[in-house]
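Reader: Before I rely on any label attached to this model, I would like to see each one set against its cut-off. Could you take me through them in turn?

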Amino acid sequence: MLGPLLFLLYVNDIANVLPGENVKLFADDTNLFILGTDSCVLNQKCNDCLDILHQWFVANRLHMNLEKTNMMVFPSTKAKDISVKLNDKYIENVHYCRYLGILIDDMLTWSQHINAIYSKLMKYIGIFYKIRNKLPHIKK
């Protein structure tokens, strides 16, 4: 029980590393939200912020998992103008990702999230359908 609390105290100052930027922490996930209208400025800002975050991780003896690190650009039509890399490795631009249990897509259509919920519901409906005769019937 003390482990999560100590971890939170350990990473609590990560938001101070990038003043003016929107850094969100949830458990061991770190999310960085960067805003901008000019693609060139935004591209440079993304690379600079990621480099600063990486330096903070190294200084605090933490590891940024580049395999799980990705980016998403809103609107997705601007994605071709943004190229983010760290240690000569390009960060994957994804069309949807999970954020706090919700699948968000780059067009904000919610279609990925709706499809995921639909699939889960269909699985459980199938299970209930198969065991329907084994459940007690409740009369109103």
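**Labels and their cut-offs**

Author: There are two salt bridges in the structure, a salt bridge being a side-chain nitrogen of Lys or Arg within 4 Å of a carboxyl oxygen of Asp or Glu. This is a predicted model, in which local features need pLDDT of at least 70 and side-chain atom pairs count only at pLDDT 80 or more, whereas totals for chains, interfaces and linings use all residues. Residues are numbered from 1 along each chain as its sequence is written, and side-chain values use heavy atoms, with hydrogens and water left out.

Reader: What makes E21 and K45 a salt bridge?

Author: The closest N and O atoms of E21 and K45 are 3.3 Å apart, and the definition asks for a nitrogen and a carboxyl oxygen within 4 Å, so the pair qualifies. E21 sits in the loop between α2 (14-17) and β1 (22-26), while K45 belongs to helix α3, 24 residues apart, so that the pair links distant parts of the chain. Helices (H or I, at least four residues) and strands (E, at least two) are DSSP runs, numbered from the N terminus.

Reader: Which residues form a salt bridge with an N to O distance of 3.3 Å that involves K89, and why is K89 called partly exposed?

Author: The side chains of K89 and E67 meet at 3.3 Å, N to O. Here too distant parts of the chain are linked, with K89 in strand β5 (residues 89-90) and E67 in the loop between α3 and β3 (70-71), 22 residues apart. Buried means under 20% relative accessible area, exposed over 50%, and partly exposed in between (1.4 Å probe, protein chains only). K89, at 32% relative accessibility, therefore counts as partly exposed, while E67, at 64%, counts as exposed.

Reader: How do you know that the span of α3 agrees with its number of residues?

Author: The expected span of a helix is 1.5 Å times one less than its number of residues. For the 21 residues of α3 this should give 30 Å, and because the end C-alpha atoms are 30 Å apart, the two agree. At the N-terminal end, D38 caps α3 through a side-chain oxygen that lies 3.3 Å from the backbone nitrogen of C40. After α3 comes R61, whose phi is positive, near 55°.

Reader: What makes the approach of H54 and N87 a polar contact?

Author: The side chains of H54 and N87 are joined at 3.4 Å. A polar contact is a pair of N or O atoms within 3.5 Å; within protein, one must be able to donate a hydrogen and the other to accept it, and residues adjacent in sequence count only if both atoms are side-chain atoms. The distance of 3.4 Å for H54 and N87 therefore falls within the 3.5 Å limit.

Reader: What makes a group of residues a nonpolar core, and which residues have the most contacts inside the largest one?

Author: A nonpolar core is a set of buried Ala, Val, Leu, Ile, Met, Phe, Trp, Tyr and Cys residues joined through side-chain atoms within 4.5 Å. The largest has 20 residues, and M64, V84 and I91 have the most contacts inside it. Helix α3 (residues 39-59) supplies the largest share of this core, seven residues.
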